[in-house]
Protein chains: 2
Amino acid sequence: MEKPLILVTNDDGITAPGLRMLITIMKKIGDVVVVAPDSPQSGMGHAITLDTALFSKKMKIDLDGIDEYSCSGTPADCVKLALQEILPKRPDICVSGINHGSNSSINVIYSGTMSAAVEAGIEGIPAIGFSLCDYSWNADFEQAHDFIHSIVTQALANGIPKGTVLNVNIPKLTKNEIKGIKVCRQARANWKEKFDKRTNPMGKDYYWLTGEFELLDKGEDTDEWALANGHISVVPTQFDLTAHHVIQELNTWEL
Amino acid sequence: MEKPLILVTNDDGITAPGLRMLITIMKKIGDVVVVAPDSPQSGMGHAITLDTALFSKKMKIDLDGIDEYSCSGTPADCVKLALQEILPKRPDICVSGINHGSNSSINVIYSGTMSAAVEAGIEGIPAIGFSLCDYSWNADFEQAHDFIHSIVTQALANGIPKGTVLNVNIPKLTKNEIKGIKVCRQARANWKEKFDKRTNPMGKDYYWLTGEFELLDKGEDTDEWALANGHISVVPTQFDLTAHHVIQELNTWEL
C-alpha cells in the first residue's frame, strides 16, 4: 500500500522543537513534507498575506531526506502555498503543531496552529492541530508521542467528519500521568485583559497586552475539564460559523 | 433616556470612508467613540498583537466633538484596548466596518472586520460587522445608510442572542435596487487559490496570492444567495466552534 502523504506545518516557525517532534512522529506513518513559517506567528489567528509577496525557501534541517520549505507568511499562507505550489499531489492529511502553548477553549479563535488546520479543512483535506499546554521552548513533547500517533492513525483510517477539523490539546504531564484521550466541546472562557501602560523616552504612551484566563464553564464535557483532569482533549472544530439555532429568533426582528 | 454608548471600529484603518459613514450613522443613534487601526488590516483574521507594544493616539478627524483613537494593532487589539483602557464604561454595542469588500460566506474566517465584532462578542457586548460588496475606496456607502440604522436600532432594542454576533453584508446596488434584509446562513464556499510566481532581481522566487471565489452551495437560504438576489444578508455568527453534531461519531474511534 502507498504511504499517506502528510503535510506538516505550525505557527511557531520551522525550527520550533514542537514541529520537529511532530515530524518525527509523522515519519513513522507516511511521507512527510514540511511547509512552515520562517518566523513565529503566534496569535495570528486566521490571517492571510494580501499586501506583500510571499517568499519560500527549500531547506535542509533534518538529514534524512524529507522535503522542508520555509515560508515568509502566516500559517494559513503556508497551507495555501503548500497545496498550490509545493506538494506533488493532494496530501492525505495536514497536521499542525505541536504548538508551544494551549489552544483549548476560546484560544482556538486566536490560534495560528488551528488556522493552518482550518485552512486545510476548507480545502477538504483532513486536518488536525496539536498543542501542548506548556509555553516553554524546551517543553517535553516526547510524552505525547504515542497519543499523537494514535490520533493521526485513526483519522487516516476513519476520515475526519466533513466540514470539521480536530483541535487536540495535551496537558503538561508525563506519559504515565496522562489518563487518555477525550472527545470534548470547546469550553466557554475568555481572557480578562490587562494593559500594562508605559511611556517611552520620547513621551509617547504604549501598552503591553497581558491578561488572565477566565473559565466560565462548569461542564465536565469541555476541553478545559479534560485537560485539568489529566486527559488529552479532542474538539471537532467547524468553519461554518453560523449560529443556526438563533436564525428563527432573528427572523422576528422588524427589519 | 440616556443615549447608548457605541464603540465603532474597522479593519481598513481610521481614515477609511466606510468607517466615516458608519460614524455618521451611529451619531444619529448614540454617543460614539472610535478606536480603529492606524493602518489597513485586511485579511488579518482574528490576529492579536503579542510580541510588540501597542501605540494609541487620540485624534481629531471629524470636528464635532466625538472621541477618536488610532491604535497600532489589529482590529481585535482595538476592541481589547477600547474596553480596557479607553471607554468610560462598557459600550451598549460595538459596530465594525463598513468594510470595503465582502465578508460573506467563507470570507468571515479571514475577516478583520468580523474579528473585531467577535472580540466584543466574547466580552459579552452586542456586536455587528458591516461590509459592502465593493472593494473600491470610493464606494458608495450612502445607499446602506437606512438599512444599517435599522439593524443597529433593532439590535439595541432586542439584544443580540448570547454567544453570537451579526455578520451583515450589503450588495453593491443603489438604495432603490436593494430588496430588503434577509437572515441567512453562511454559504459553503472557498477560494481557488492561484499563486503568481515571480523572480526578483536578486534571483529569489516570490509569490503573490491571488484566487477566484468558488461557491459550493446551491441553497437559497445562504448569504451568497441573498446578496446575488438583491438582499442585505445578516448571518448570526458564533465563536463556539465546536461541531457538536460529530462528537458522537468521534466517540466511536479507538483512541
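What covers the buried residues of helix 4 of chain A? The cover includes helix 1 (17-27), strand 5 (93-100), strand 6 (127-132), strand 7 (164-170), strand 8 (180-183) and strand 11 (231-238) of chain A. Covering here rests on contact, meaning heavy atoms within 4.5 Å. Helices (H or I, at least four residues) and strands (E, at least two) are DSSP runs, numbered from the N terminus.

This is a predicted model: local features need pLDDT of at least 70, side-chain atom pairs count only at pLDDT 80 or more, and totals for chains, interfaces and linings use all residues. Residues are numbered from 1 along each chain as its sequence is written, chains are lettered from A and ligands numbered from 1 in the order in which they are written, and side-chain values use heavy atoms, with hydrogens and water left out.

Stay with helix 4. Its buried residues in chain A are A:His145, A:Phe147, A:Ile148, A:Ile151, A:Val152, A:Gln154 and A:Ala155. Buried means under 20% relative accessible area, exposed over 50%, and partly exposed in between (1.4 Å probe, protein chains only). A:Asp146 also sits in helix 4 of chain A. At a relative accessible area of 38%, A:Asp146 is partly exposed.

Now length. Helix 4 of chain A covers residues 145-158, and its 14 residues should span 20 Å at 1.5 Å a residue; the end C-alpha atoms are 20 Å apart, which agrees. The expected span is 1.5 Å times one less than the number of residues. Just after this helix, A:Gly159 takes a positive phi of about 75 degrees.

Next, helix 1 of chain A. Eight of its eleven residues are buried, so this helix is largely enclosed by the rest of the structure. Those buried are A:Gly18, A:Leu19, A:Arg20, A:Met21, A:Leu22, A:Ile23, A:Ile25 and A:Met26. Their cover includes strand 1 (5-9), strand 2 (31-37), strand 4 (67-71), strand 5, strand 6 and helix 4 of chain A.

On to the voids. How many cavities of 30 Å³ or more does a search of the whole structure find? Two. The largest cavity has a volume of about 300 Å³. Of its 23 lining residues, A:Ile109, A:Leu241, B:His46, B:Ile109 and B:Leu241 are closest to the centre. Helix 3 (112-122) of chain A, and helix 3 (112-122) and strand 11 (231-238) of chain B, each supply at least two lining residues.

The largest pocket has a volume of about 750 Å³. It is lined by 32 residues, with A:Ile48, A:Leu50, B:Ser42, B:Gly43 and B:Tyr135 nearest its centre. Strand 10 of chain B gives the most to this lining, three residues.

Terms, quickly. On a 1 Å grid over the protein atoms alone, a cavity is a set of points where a 1.4 Å probe fits but cannot get out; a pocket is an open set with protein on both sides within 12 Å along at least five of seven lines; lining residues have an atom within 4 Å of a point. Grid points are joined across faces, edges and corners, and a volume is the space filled by probe spheres set on the points.

Last, B:Asp223, in helix 5 (residues 223-228) of chain B. B:Asp223 is buried yet has no salt bridge; B:Arg185, the nearest side chain of opposite charge, is 7.2 Å away. A salt bridge needs a side-chain nitrogen of Lys or Arg within 4 Å of a carboxyl oxygen of Asp or Glu. Lys and Arg count as positive, Asp and Glu as negative; His and the chain ends are not counted.
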